[in-house]
Amino acid sequence: MRRRAGLSVRLKLTLSYAGFLAVAGALLLAVVWVFLLRYVPDNSQGLLGVSPNRYLLVRTFAPAAAVAMVFLLAFGLVGGWVLAGRMLAPLTRITDAARTAANGSLSHRIRMKGRQDEFRELSDVFDSMLEQLDAHVAEQRRFAANASHELRTPLAISRTLLDVARKDPARNRGELIDRLQAVNTRAIDLTEALLLLSRGDRGNFTHEEVDLSLLAEEAAETLLPLAEQRRTTLDVTGGTARTSGSAELLLRMVTNLVQNAVVHNLPSGGAVTVHTEAEGGTSVLRVENTGPPVPPERVPTLTEPFQRGAERVRTDEHAGVGLGLAIVRSVVRAHDGTLDLVPRQAGGLVVTVRLPGGP
């Protein structure tokens, strides 16, 4: 990007330094004139008939003062140019790093050394911003690649089924339709999940007063047949927990948490507890379930899109698309809340959502 014609910052600083030095020299000479030369008698005898008079002193002092002013101006220009260059050197490094980032390279870091001054603070903030951008871009690339893969899978299965039906007209059409419907349903669920995740990331929704306890009861009532089918106890406890946000997105968040707790549980005899409460100015939703032990190092990856470890992959009708907790994180972040995942020592997970309290 070309800069419009004009004085550079270095030249402006140089002129400022030289001008300041010249003004300081002129003031010093003025002080000499006011407080020294004006007390020298201006007559032919001089001071006590011995010292030179004011006329002689002025003629002697003026050329030396002019030379001194020229020297101060030249010294100010040269010294100001050098000092300005040294002062702006860190800014040049930051500019080069910004230009490199603008060209698409986010891996470059300034890592400025030296004292913790304003330029060092600016470079550290810029490095931190680059790290966040690099991580965000990498996450978006992984997300796009995984989403493409996930969307391509049902389409490829559908094409295979149609090719088989075309080559074998005698094949059972009812079975083919059922399989196509299942594949199509999964593709629709995945598309809706991606749209919901994108909507949560944008945060463009209407805010209204929402009670998390009512959403928890609604989600539990919806998922009660699933819990009974898996012989899992589902309890809702606690009291009112009001917040402000999108009722639709928050209901989807609660539903995803409860469904995730029911599905990833013990084969039978498991338990899920949904608790809501108000803590000061915060509304808390806590979902706790039993289940197999979750390694602590695996917990940070659970909220990433399409992260399904070997122990979490399911092949039944409740197999997810790997976006459940990712949607939860997106909704919580869009509502200025926090999401904490803590493994239980006996197995299972405790998920705590904290949202700003409503009126």
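**Entry 1: layout**

I read the elements from the N terminus on as α-α-α-α-β-α-β-β-α-β-β-α-β-β. That makes seven helices and seven strands in the chain, where helices (H or I, at least four residues) and strands (E, at least two) are DSSP runs, numbered from the N terminus. I note that this is a predicted model, in which local features need pLDDT of at least 70, side-chain atom pairs count only at pLDDT 80 or more, and totals for chains, interfaces and linings use all residues. Residues are numbered from 1 along each chain as its sequence is written, and side-chain values use heavy atoms, with hydrogens and water left out.

**Entry 2: totals**

I looked up burial: 32% of the 359 residues of the chain count as buried. Buried means under 20% relative accessible area, exposed over 50%, and partly exposed in between (1.4 Å probe, protein chains only). The accessible surface of the chain comes to about 22300 Å², by the Shrake-Rupley method with a 1.4 Å probe; for residues, only the protein chains shown count as cover. Carbon and sulfur atoms hold 58% of that surface. I also checked contacts (heavy atoms within 4.5 Å). Among those between residues at least 6 apart in sequence, 68% join residues at least 24 apart.

**Entry 3: nonpolar patch**

Which residues form the nonpolar patch on the surface? I found Leu7, Leu15, Leu73, Leu77, Val78, Trp81 and Val82, with about 630 Å² of accessible area together. Patches are made of residues with over 30% relative accessible area and no salt bridge; like charges are joined within 9 Å, nonpolar side chains (Val, Leu, Ile, Met, Phe, Trp, Tyr) within 5 Å. Helix α2 (residues 54–102) supplies the largest share, five residues. Leu15 is found in helix α1 (residues 9–35), and counts as partly exposed because its relative accessibility is 43%.

**Entry 4: salt bridges**

The structure holds eight salt bridges, each a side-chain nitrogen of Lys or Arg within 4 Å of a carboxyl oxygen of Asp or Glu. I looked at three of them.

- Asp163 and Arg166 meet at 3.0 Å, N to O. They are three residues apart in helix α3 (residues 118–167), so about one helical turn separates them. Asp163 is partly exposed at 29% relative accessibility, whereas Arg166 is exposed at 61%.
- Arg354 pairs with Asp340, with the closest N and O atoms 3.2 Å apart. This pair links distant parts of the chain, strand β7 (residues 349–356) for Arg354 and strand β6 (residues 338–343) for Asp340, 14 residues apart. Arg354 is partly exposed at 29%, and Asp340 is partly exposed at 34%.
- Glu277 pairs with Arg286, with the closest N and O atoms 3.7 Å apart. Glu277 is partly exposed at 23%, and Arg286 is partly exposed at 22%.
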